[in-house]
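Welcome! Please have a look at the sequence and the model, then read on.

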Amino acid sequence: MIDMDDLGEAMVERRRLIALAYRLLGTLEEAEDAVQETYLRWYRLSEDERAAIDNPAGWLSRVASRVCLDVLKSARSRRERYVGPWLPEPVRPGFLAAPEDPADRATLDDTVSTALLVVLDAMTPAERVAFVLHDIFAVPFGDIAGVVGRSPAAVRQLAASARRRVAEQRGAVAPLPEHDDVVRAFVSATSGGDLGRLVTLLDPSVTLRSDGGGRVSAARNPIEGPEKVARFLLGVLTKRPTWTIRAEATADGLGFTLVEDGTHRGVANLRVVGGRVTDVWIVLNPDKLGGWR
């Protein structure tokens with residue numbers, strides 16, 4: 001008979017590992033695969049080998065991190081084959097929160113935001129692993145050193161470098177109430193087809209990226225400039241009259257979704273700086289929308 005307490009602990013541990021792997025890799029599918037590989041390595045150990053591990057949760061975290069590090073190292077070549085821009089998979093607020101996470105709910109949502117994951121994706125694999133493990137999961141530098149194959153001092157420097165880049169991104173963004181107000185106005189202008197109003201809400205340097213993954217129609221290259229971004233968005237809704245746009249909570253704060261007959265066809269997050277939208281990230285790839293269905 002299965003011990004329900006053991007089963008419950010195993011489920012919590014698996015959820016924690018997926019939360020870790022998602023922050024390292026940016027998609028739930030890759031996170032699930034990494035966790036599956038981690039457990040396969042655990043069960044390949046003999047009973048004596050498993051019994052000799054004093055901290056199974058720590059062992060699983062280290063192995064999962066190493067698996068993710070290997071995936072990150074191969075990501076560049078895989079991204080070169082990806083059709084159009086690659087974006088992290090958006091998740092609902094609190095989707096990956098767990099009781100043992102070392103931060104409150106608002107902070108946890110920020111650590112799975114598209115804005116942060118885009119910054120993490122521009123880091124070296126070692127920087128990303130050092131930042132996520134130390135700054136989000138409070139793993140000591142000595143333990144991280146064994147994962148990335150660097151000295152604790154080198155890992156400390158990696159985390160510090162990553163932290164500076166994250167701080168630069170976070171320092172410029174608007175406070176959440178201002179962000180949400182701008183997004184509401186953005187959605188209202190877009191749904192109403194108000195080109196002039198929409199252009200005024202966009203920063204002169206605004207860039208829109210859409211991720212269709214070759215599965216659905218999407219812009220193959222980033223779109224830049226208020227006029228082009230506004231016309232692209234209004235054109236999408238004109239070409240798809242059965243789609244509606246609506247403001248919806250995301251890990252970045254308020255975002256918007258594209259919905260058809262109750263099904264999410266797209267999820268978008270926006271970056272707001274100085275009262276205007278500077279970045280629009282739209283995920284249309286159905287493989288990355290499973291958590292919204």
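Helix H2 has a buried set of residues made up of Leu-28, Glu-30, Ala-31, Ala-34, Val-35, Thr-38, Tyr-39 and Trp-42. Please keep in mind that this is a predicted model.

- H2 has 17 residues, and the distance from its first C-alpha to its last is 24 Å, close to the 24 Å expected at 1.5 Å a residue.
- An α-helix has 3.6 residues a turn, so residues three or four places apart point the same way.
- Ala-34 is found in H2, which covers residues 28-44.
- Ala-34 has a relative accessibility of 2%, so it counts as buried, the cut-off being under 20%.
- If its neighbours within four places in sequence are left aside, Ala-34 is in contact with Ala-21, Leu-25, Val-67 and Cys-68.
- Tyr-22 is twelve residues from Ala-34 along the chain, and their C-alpha atoms are separated by 9.3 Å.

**Helix H7**

- H7 runs over residues 125-136, twelve residues in total, and reaches 16 Å from first C-alpha to last, close to the 16 Å expected at 1.5 Å a residue.
- Nine of those twelve residues are buried, so H7 is largely enclosed by the rest of the structure.
- The buried residues of H7 are Ala-126, Glu-127, Arg-128, Val-129, Ala-130, Phe-131, Val-132, Leu-133 and Ile-136.

- Most residues other than glycine have a negative phi.
- Ala-138 is a residue other than glycine with a positive phi, near 55 degrees.
- Where is Ala-138 placed? Ala-138 sits in the loop between H7 and H8.
- Ala-138 counts as exposed because its relative accessibility is 52%, and the cut-off for exposed is over 50%.
- Asp-261, also not a glycine, has a positive phi near 50 degrees.
- The loop that holds Asp-261 lies between strand S4 (253-260) and strand S5 (263-273).
- With a relative accessibility of 77%, Asp-261 counts as exposed.

**Helices H8 and H9**

- The axes of H8 (residues 141-148) and H9 (residues 152-172) come within 8 Å and cross at roughly 95 degrees.
- H8 and H9 are therefore roughly perpendicular to each other.
- On the H8 side, the contact involves Phe-141, Gly-142, Ile-144, Ala-145 and Val-148, and these meet Pro-152, Val-155, Arg-156, Ala-159 and Arg-163 in H9.
- The residues of this contact divide into seven nonpolar, one polar and two charged.

- Arg-220 lies in the loop between strand S1 (202-211) and strand S2 (223-224).
- Is Arg-220 buried or exposed? Arg-220 is exposed, with a relative accessible area of 58%.
- Val-83 and Arg-220 are 137 residues apart in sequence, and their C-alpha atoms are 7.1 Å apart in space.
- Not counting residues up to four places away in sequence, Arg-220 touches Val-83, Gly-84 and Pro-85.

**The domains**

- The protein chain is divided into domain 1 (1-83) and domain 2 (176-292).
- How many Å separate the C-alpha centres of domain 1 and domain 2? These two centres lie 33 Å apart.

How values were computed. Residues numbered from 1 in each chain as written. Predicted model: local features only at pLDDT ≥ 70, side-chain atom pairs only at ≥ 80, totals over all residues. Heavy atoms only, no water. Domains from an automatic or database assignment. Axes fitted to C-alpha atoms, helices over the stretch in contact; angles between N-to-C directions. Helix = DSSP H or I, 4+ residues; strand = E, 2+ residues; numbered from the N terminus. Parallel < 35°, antiparallel > 145°, perpendicular 65-115°, else oblique. Contact = heavy atoms within 4.5 Å. Nonpolar A, V, L, I, M, F, W, Y, C, P; charged D, E, K, R; others polar. Expected span 1.5 Å × (residues − 1). Buried < 20%, exposed > 50% of the residue type's maximum accessible area, 1.4 Å probe, protein only.
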